[in-house]
There are 2 protein chains.
Amino acid sequence: MKKILAELITIGDEILYGQTLDTNAHWMSGQLDAIGVKVVRRTTCGDQEEEILQVFAEAEQRADLVLITGGLGPTSDDLTKPCLARYFDSEIVMNQQALAELEAYMTSRGRELNKLTRLQAALPDKCEVVSNDRGTACGMWFNRNGKVFVSMPGVPHEMRYMMVEKVMPRIQRAFDLPIIYHKIIRLAGIGESWLAEKIEQWEKSLPKTVKLAYLPGYGDLKLRLTSLASDLELQKKEIDQLVSSLMPLIQEYVYGYDDDSLEVVIGRLLKEKGLTLALAESCTGGYVAHRITSVAGSSAYFNGAMVPYQNELKIAQLGVKEATIVTYGAVSEETVSEMALNIAQKFGADYGLASSGIAGPGGGTEEKPIGLIWIACAIGGKVTTRKLNLTKDRDVNIKLTAVALFTLLHQSLVAND
Amino acid sequence: MKKILAELITIGDEILYGQTLDTNAHWMSGQLDAIGVKVVRRTTCGDQEEEILQVFAEAEQRADLVLITGGLGPTSDDLTKPCLARYFDSEIVMNQQALAELEAYMTSRGRELNKLTRLQAALPDKCEVVSNDRGTACGMWFNRNGKVFVSMPGVPHEMRYMMVEKVMPRIQRAFDLPIIYHKIIRLAGIGESWLAEKIEQWEKSLPKTVKLAYLPGYGDLKLRLTSLASDLELQKKEIDQLVSSLMPLIQEYVYGYDDDSLEVVIGRLLKEKGLTLALAESCTGGYVAHRITSVAGSSAYFNGAMVPYQNELKIAQLGVKEATIVTYGAVSEETVSEMALNIAQKFGADYGLASSGIAGPGGGTEEKPIGLIWIACAIGGKVTTRKLNLTKDRDVNIKLTAVALFTLLHQSLVAND
């Protein structure tokens, strides 16, 4: 079976100038991968007609399917539509289907259709409309000699809806798709080099049809096995056997598989065990609570959090002893232990997690440098602590601390089995 | 003056498969833009030797400077180094400078140099070493006939440090750089089409040397003016005049300029006025606190936050009246008002902000659908509320609610002037 190759094109000066982070191509890659389309290249180019047309032509040479995001706004700097019209020798005319859908959308939102927005329904006459139920810019589907170009809006939630509801089902009908099978093993508490040494012999024994990749993250790590064979059941079986033979070497570091983030795995374990969680965050400033509550259904096990950013609140609201802070400082094993124990009690939770540290870039001393962070995990009146020596970067420190806290909690949840 | 053109290449199957979000190219774009290097294209390709070599050759044709990230790990799936060696007809040999730096780095971290990590110091003999003080993979600088290729590790904080400390100063020495001048105006509370209609006449009057772009975000919007002339003082003066003539049309929506995010602007205003802030977050689950505390120095005006995710905690810890929740529900103007008033009082802050809503994807009813969110801003015992009707997407709703809360607070801070 011929592999279907795709390229993703993102259009916009704002991306090349570093003013907007493109998360669309990332998300689309994952979606296409899941349906067996192989993304072979991603390209970002600016709002320049000649440049855009050149990128279209290059992509068409290499790929069967070209997905384009961005440049569909109603304003004068948006060039995707005129470029597609020119590339496909097409004229831009008012599309009655698109206009009717646009009017319905605006009515449903209780808004008027102004002059500029109305222009969103003018489309190249050789495209088919891809409806956008979430916004004003509809998508366009072009097919010329079996090569498919699809243009979608750059607003992430509009694009995602359009991909899932309209574009992907249509791709699955338009192409005869093979199957790529991935298995991801997720680990925390071990570095890439150490892991590679541990599994070197196992890695050497992998069959040629299976590819291995190391994907380091912030404080955690993914191992991805990709099977390139063509029978899904056989592929699954082969990968399962390889994973089984790997497990004894790495078991203690594995927290999950595939899409299971640490917060999802923790949530599942808490729910299974009927346990609840509360957080007292100082240096992480609400980030851990945000990660926990980004999981739908987290109210089943998450009671709540306190971010006592000022020391007075650690004392008055969280009940940390003043003497503890005076004697040991807010960034200390003693303070973070009381924080974890107290938040569990105060918020009526089984588990209490706490963080206190110097996230940077200011506030470090010789004794307590930037990147010194204490974390604690309390359950049943007992507390486990860890001291972290992290980086000079505030954002990195907050992220690494969250993963360290999740890992501490995960270890406790698994140890209780 | 000849414009220096750059291309960014990101290497890694994990990126094409959608398993790792590439934030490096985004950040590098912003850095290069600031020193007058024009990024003309960004390309991502997979871990395939022929593919990588093809991308190198294409980029060299179009650009003066090629920056490469990723694929420098010590494991077998990392191909950047062998590809660069082949592309530059170079042999990989142990580099004594790199080895000495690697040994020093490992010693400083109290870690041993294992066999795989040691290989990180083996480099193509035609490159110059770019030191990495933050990790084990050093960078490589190649110069052939005036075309420069630089390879850097994919770990974001290592790459960023290397760019700022080593690579950018060297780029500035190696090329004669022109100046691109940008001015960004940041707005909240108005959509792209409405803004475009408002400023249509002004936009038509822009000189040809000035480019305008609309950059929509999550609940806010940026207008970017780019001057393509060549004299910095003249460019600044011209842009300043254009901004002055624009301001009367859009003043009420403008909250900041250039890199000033809403949380930075709010922090600055709170600090200037000597006011403090506390948060009671329900549906936003700690995300607003995270945004506030991601700003270094936020402890000067941020007292703390409570995330009373369970209704019992809203009552017991935050002092919301049980009757209010029973009568109106947790997602109501009445509850969110009490939350805002009570958190300000309890945490001793001037301002109290609160959120309560149905973030989704579950939990909606006919009367209170997913996306219904109430927010409140209290100061001096008075409270202002807003009802939001947002999307079906949990993540989007959390982000949009944060921006709506920031906008509410910003309006209050500016109105008090």
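In chain A, 65% of the contacts between residues at least 6 apart in sequence join residues at least 24 apart; two residues are in contact if their C-beta atoms, placed from the backbone, lie within 7 Å. This is a predicted model, in which local features need pLDDT of at least 70 and side-chain atom pairs count only at pLDDT 80 or more, while totals for chains, interfaces and linings use all residues. Residues are numbered from 1 along each chain as its sequence is written, with chains lettered from A and ligands numbered from 1 in the order in which they are written.

Chain A has 16 helices and 17 strands (DSSP runs numbered from the N terminus: H or I of at least four residues for helices, E of at least two for strands). Its C-alpha atoms fill a box of roughly 75 × 60 × 40 Å along the principal axes.

Now follow the open sheet of 12 strands, which has mixed pairing and the order S6(A)-S7(A)-S8(A)-S3(A)-S1(A)-S2(A)-S2(B)-S1(B)-S3(B)-S8(B)-S7(B)-S6(B). Strands pair if DSSP finds at least two bridges between them. Strand S6 (128-130) of chain A and strand S6 (128-130) of chain B stand at the edges, each with a single partner strand, so one side of each is left without a neighbour in the sheet.

Within chain B, S3 (residues 65-69) and S8 (residues 147-152) run parallel, joined by 5 bridges; here Ile68(B) stands opposite Ser151(B). Overall, 71 residues of chain B are in contact with 71 residues of chain A.
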